[in-house]
Amino acid sequence: MIHVLAADPTLANFGQDPVWITIIKAVMLFVFLMLGVLFGVWFERKLISRMQNRYGPNRAGKFGLLQSVADGLKMGLKEDLFPNTVDKVLYLLAPIIMVVPAFLAFSIVPFGPMVNLFGVQTPLQLVDLPVAVLFMLAMGAVSVYGVVLAGWSSRSPYALLGGLRSAAQVVSYEIAMGLSFVAVFLFAGTLSTSEIVAAQEQTWYVFLLLPSFLIYVVCMFGEAARIPFDLPEGEGELVGGFQTEYSSSLKFALIMMGEYLHTFTASGIAVTLFLGGWRAPFPISLWEGANTGWWPVLWFFIKFVLTFSFIVWVRASLPRVRYDQLMSLGWKVLIPVNLAWILLVAGVRSVVINVDSRMISLAVTGIIVVGALAIWMRFDTVNQRRKEARKAQVEAEFEELSNEPTKGGFPVPPLDLPHYHGVQHKEIPSGTN
């Protein structure tokens with residue numbers, strides 16, 4: 001049974017607001033996301049530049065803060081071109097399909113508890129549903145239609161391949177991501193985001209369900225198509241992927257906005273389901289008023305920024321993987337491990353349903369982590385031995401070929417210089433210049 005504080009919103013608190021309060025909250029969410037995209041681009045460029053010992057944007061405005069505004073104005077004012085062969089309706093509709101579901105998915109993220117907004121007690125969340133997390137997954141699945149349609153309507157082989165990659169990638173990682181949420185549902189007993197946050201009053205699920213959190217982090221990059229999993233727009237193989245035929249116009253700006261909103265949604269869901277949502281971290285949580293009023297908005301924003309910074313850090317640190325490696329990781333590793341972990345969590349919950357299971361869950365998580373490390377070290381040792389054996393074999397073959405140049409030694413067999421290309425070469429006496 002979930003213990004809920006008086007300030008914690010429940011499903012009963014939603015649908016009771018006047019229409020004008022709902023409109024105000026929707027406008028506040030829209031402004032937050034729009035400003036988040038503008039400053040998120042600036043923050044990412046600044047953080048990566050500092051990691052690479054560069055300055056980053058520093059011309060437009062103080063510290064380059066207006067660089068994103070300038071880029072947005074430039075893309076909005078550029079001539080909007082339509083290639084001759086595109087399907088114009090779908091070509092124009094695809095960026096919109098990418099952006100709208102991303103806005104809708106963020107509507108179920110709770111920013112805080114019940115607050116007084118213009119004299120009305122209302123939860124700091126636009127909407128909540130009994131199946132709110134499933135709604136978020138559905139919006140993420142719908143947005144991939146924008147990517148697929150962008151690739152198909154462009155009538156370009158590179159764009160089409162990028163769209164197909166995105167479809168296969170989302171199918172693979174959507175399954176693993178959904179499975180990573182099952183353990184959270186088993187512990188919280190609900191799919192409502194506000195009640196999941198309430199269930200983390202004592203302990204955040206990042207500690208109780210660490211394997212689920214780690215799997216979600218990997219799936220988060222695959223779902224949002226961020227490096228190292230940004231294969232739908234891999235410049236090295238597909239020029240620009242699904243967005244190859246979109247020039248730097250308003251349509252291109254919508255595509256970039258959709259990708260950033262998708263990343264924001266992934267960060268918000270990570271904070272909500274695993275990092276306690278708007279709840280204050282320890283030791284701030286010892287303060288009585290830490291989780292009341294407008295203070296929780298600050299705790300949520302700090303967690304949100306740190307999660308987004310982690311995504312940027314990964315982008316600056318890891319290279320893009322091969323597409324076969326990406327799909328193998330999703331189908332052969334994440335999904336089987338997820339299923340085994342869910343089976344273990346369900347078994348533990350069914351056995352200790354009437355007992356305080358926090359310590360048991362922590363112990364089980366520790367055993368799983370230690371076991372996973374042991375398996376990884378074992379596989380690493382085996383792989384290292386295989387690499388050493390292969391290296392020794394290659395060196396032996398190379399040495400054998402080097403001793404017999406006529407069998408293809410490196411770099412080329414000796415040339416018969418006097419008759420090479422029909423040119424007669426004369427011997428140069430020793431001692432002459």
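At what angle do the axes of helix 3 and helix 10 cross? In this predicted model, the axes of helix 3 (residues 88-105) and helix 10 (residues 250-274) cross at roughly 25° and come within 8 Å. Helix 3 is therefore roughly parallel to helix 10, since angles under 35 degrees count as such. The crossing of these two helices is left-handed.

On the helix 3 side, the contact is made by Tyr-91, Leu-92, Pro-95, Ile-96, Met-98, Val-99, Ala-102, Phe-103 and Ala-105. Helix 10 contributes Lys-251, Leu-254, Ile-255, Met-257, Gly-258, Glu-259, Leu-261, His-262 and Thr-265. Sorted by class, the residues of this contact are 13 nonpolar, three polar and two charged.

The axes of helix 8 (residues 210-224) and helix 11 (residues 295-317) come within 12 Å, with a crossing angle of roughly 70°. Helix 8 is therefore roughly perpendicular to helix 11, because the range for that label is 65 to 115 degrees. Helix 8 passes helix 11 in a right-handed crossing. Here Val-217, Met-220 and Phe-221 of helix 8 meet Phe-310, Ile-311 and Val-314 of helix 11. The contact of helix 8 with helix 11 has six nonpolar residues, with no polar and no charged ones.

Two further helices can be checked for length. Helix 4 (residues 132-153) has 22 residues, which at 1.5 Å a residue should span 32 Å. Just after helix 4, Arg-155 has a positive phi of about 55°.

A search of the whole structure finds 23 aromatic pairs. One of them joins Phe-32 and Phe-111, whose ring centres are 5.4 Å apart and whose planes stand at 85°, so the pair is edge-to-face. Phe-32 belongs to helix 1 (residues 19-51), whereas Phe-111 lies in the loop between helix 3 and strand 1 (114-117). The pair therefore ties together parts that are 79 residues apart in sequence.

Note on methods: Residues numbered from 1 in each chain as written. Predicted model: local features only at pLDDT ≥ 70, side-chain atom pairs only at ≥ 80, totals over all residues. Heavy atoms only, no water. Axes fitted to C-alpha atoms, helices over the stretch in contact; angles between N-to-C directions. Helix = DSSP H or I, 4+ residues; strand = E, 2+ residues; numbered from the N terminus. Parallel < 35°, antiparallel > 145°, perpendicular 65-115°, else oblique. Left-handed = near helix turned anticlockwise from the far one by under 90°. Contact = heavy atoms within 4.5 Å. Nonpolar A, V, L, I, M, F, W, Y, C, P; charged D, E, K, R; others polar. Expected span 1.5 Å × (residues − 1). Phe/Tyr/Trp six-rings, centres within 6.5 Å; stacked < 30°, edge-to-face > 60°.
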